[in-house]
Amino acid sequence: MRVDIDGLDVHRGGRRVVADVSIAVPSGTVLGLLGPNGSGKSTLLRAVSGIAAPSAGRVRIDGTDTASLSRRELARRVAVMAQEHSEEFEIPVLDLVLLGRIPHGKGFGRDSDHDIAVAEDALDRVGAGHLAARSFSALSGGERQRVLFARALTQDTPVLVLDEPTNHLDIAHQLELVDLVRGTGRTAMVALHDLNLAARYCDAVGVLDGGRLRTLGPPEDVLGTDLIRSVFGVESTPVAHPGSGRRHFVFDARTPSDTPDPSAPAPDTDHPVPTEEGISTP
Amino acid sequence: MTPTHDTTPARSNGHAGGSTATATRTPPEPDAAPGRARRTPTRRRGRRGALAARVLVPALTAALLTVLLLSAGTGTVAVSTADALKIVLGHLLPGMPWMSDGSLTTVQDNAVWQFRLPRALLAALAGAGLALAGALMQAVVHNSLAEPYILGVSAGAGVGAVSSIVLGIGAGSLGIGAAAFAGALAATAAVYLLARKNGRIAPQRLILAGVALGALFSAVTSYLTITTDAQNVFSIMFFLLGSVSAATPGHLALPAAALLAAGIFTAFRARALNALLVGDDAAATLGVNVNRLRSSILVTAALLTGAVVAVSGGIGFVGLIIPHIARIIVGSDHRRMLPVAVLGGAVFLALCDLLARTLAAPAEIPLGVLTAMVGAPFFLWLLRRDRAEGTGGRR
């Protein structure tokens, strides 16, 4: 299913966090969303997932305006993996993954064998089959990310919305996860911090800056030293991979500037970065 | 090199680096196969709560029937448990021979059918209702300290009941009950409206509004109590501490109807409540209308609590602790936890009431005192046991 975002405006706390963004994501392609902290990536994804209501513009999935869909109908089309979890009550991993079957089931019904099979298969696919009986709150950050991704897969939707899915993941699992996203053949919108990872795995990347879409296109056309300097405030050098010849960026230093940019420029996704709400763009 | 880049689409880029990526990804792969082989034991272990629930539901039902029968056969008028069973069956099924052959006296019949059974049933209904209301409150406000009275329901009911006693409106305990129910509804409506902002109910705001309003209502109750005639104070304390001792068959209809309605209503929302466990946003992306669910469940829990408080006063502890005990034993999946909590609450309070009127007979221990004295040690033991298991590596 294709996703079309037209002239989207989203306000949070009275501030315009996403401004006039239009993006078309063709069916089965992976769109990477890049941008510094507070650039509006998460909010844009929240609007696509139906959590945040746009103040203008619309999101269409296969031509259907998401505003006209019920929560349940939307949940059968879009699965979301975000940075959330409430830890008030303990929940076993398998039960958490099975929550992904809610949009397909009834209120009180037992989980069918099919539901359990889908959930266990998803856990196996993300290499977390052995965690099924553990308590979610007892998992490491990387294990949690994989389990949350398994829940998104279990939801069995044509569209995936992933907000920094590679956070906390070690390098092997980062590569595995983006491969899995690709391998599902679903339409995906992924917020990423690692520019090289985005360049390598996304069909297209959109770069957000201060809530506006700076540029959109194939990564090799979009990503360049000038863009990285103006959006992230970082000097970089493109280098060719000795084996494959693919272009990588090496980050040299922050661009000297009179107005210091509070955003973390690091491609270092292993580090917990402050969420967008915490930081206001100047 | 660069020209090749510009013409190569990203997808084949991914494949170009495929050899390196596969090499890096080798470690997790062997994991996948044993994961599949281990599947059956994994599922069993993950579903240990399901097994517990399947055993507990019939066991608790049997326990409930036993406690009710024991209650019916215990008291100052001597009635054997077998005779108590005969009397109950005789009233339920027409044409039982022992009802007319003179083997049972009218005094025995009255003691069982008019006094003891209604009382035991009211205790069970109150326990079940408070446990369900508590479990629902905890789920929708994301707070394990939540309990049925968090919305100021009991404080509102207190004001209603005390006003009725002090001002002499409505004679008899049913009149007090009606006033208490009205007070509970007024308090719920006030807290609900105060916590609502832009059509949304924020859990934190709800708790704070409930606590503040509860304090206000308690102050009114205290003032009315301290300024009224001395003979009224006993009735007031009787209500505030909570009791089922004045139960008659007429007291059972309201809590029974409320429990049935609330039980059916929540049964269809058990899965959605599970989604709420992982947070509002996540629940929304799983297809749950969080606002509507929260509002409807809050109203359900408040009405249920009001119905129970109206007939049995402010019995504490049950609504807070029983849901936690159920969660510790069968896990937080509401499809298993709610039935266990409802039955557990019924058994627990019926048992407490039986103990309350036998331990210090002929005197009676206040029910609220006993629930805490019996329940707290049991809960603490369970808590310690679970903690120990958790630190030693769960499963």
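S332(B) is buried, because 23 other C-beta atoms lie within 10 Å. A residue counts as buried if 20 or more other C-beta atoms lie within 10 Å of its own, as exposed if 12 or fewer do, and as partly exposed in between, with C-beta atoms placed from the backbone. This is a predicted model: local features need pLDDT of at least 70, side-chain atom pairs count only at pLDDT 80 or more, and totals for chains, interfaces and linings use all residues. Residues are numbered from 1 along each chain as its sequence is written, and chains are lettered from A and ligands numbered from 1 in the order in which they are written.

Stay with S332(B). This residue sits in the loop between α17 (318-330) and α18 of chain B. Helices (H or I, at least four residues) and strands (E, at least two) are DSSP runs, numbered from the N terminus. Not counting residues up to four places away in sequence, S332(B) touches F89(A), E90(A) and I91(A), along with L277(B), R327(B) and M337(B). Contact here means C-beta atoms, placed from the backbone, within 7 Å. L273(B) is 59 residues away from S332(B) in sequence, yet their C-alpha atoms are 9.9 Å apart.

Move on to α18 itself. Two packed helices are described by the angle between their axes and the distance between the axes. Helix α8 (residues 106-140) of chain B packs against helix α18 (residues 334-358) of chain B at about 145 degrees, and the axes are 7 Å apart. Axes are lines fitted to C-alpha atoms, for helices over the stretch in contact, and angles run from 0 to 180 degrees between N-to-C directions. Residues in the contact include A123(B), G127(B) and L130(B) from α8(B), and M337(B), A341(B) and F348(B) from α18(B). The residues of this contact divide into 18 nonpolar, four polar and two charged. Ala, Val, Leu, Ile, Met, Phe, Trp, Tyr, Cys and Pro count as nonpolar, Asp, Glu, Lys and Arg as charged, and the others, Gly among them, as polar.

Now turn to chain A. Six strands form an open sheet in the order β6-β7-β8-β3-β9-β10, with mixed pairing. β6 (78-81) and β10 (212-217) of chain A stand at the edges with a single partner strand each, so one side of each has no neighbour in the sheet. Neighbouring strands are turned by 15 degrees against each other on average, direction ignored.

Follow the pairing along the sheet. Two strands pair if DSSP finds at least two bridges between them. β6(A) and β7(A) run parallel over four bridges, with V80(A) opposite V161(A). β7(A) and β8(A) are parallel over five bridges, and L160(A) stands opposite A188(A). Strand β3 (residues 30-34) of chain A pairs with β8(A), also in the parallel sense, over four bridges. There, G32(A) has V190(A) as its bridge partner.

Five of the five residues of strand β7 (residues 159-163) of chain A are buried. V159(A), V161(A) and D163(A) lie on one side, L160(A) and L162(A) on the other. Both faces are covered.

Finally, check the confidence. pLDDT is the predictor's confidence in each residue, from 0 to 100. Chain A averages 86, and 88% of the residues score at least 70. Over residues 264-282 of chain A the pLDDT is below 50. Where pLDDT is low, the predicted coordinates should not be read in detail.

Notes
Contact = placed C-beta atoms within 7 Å.
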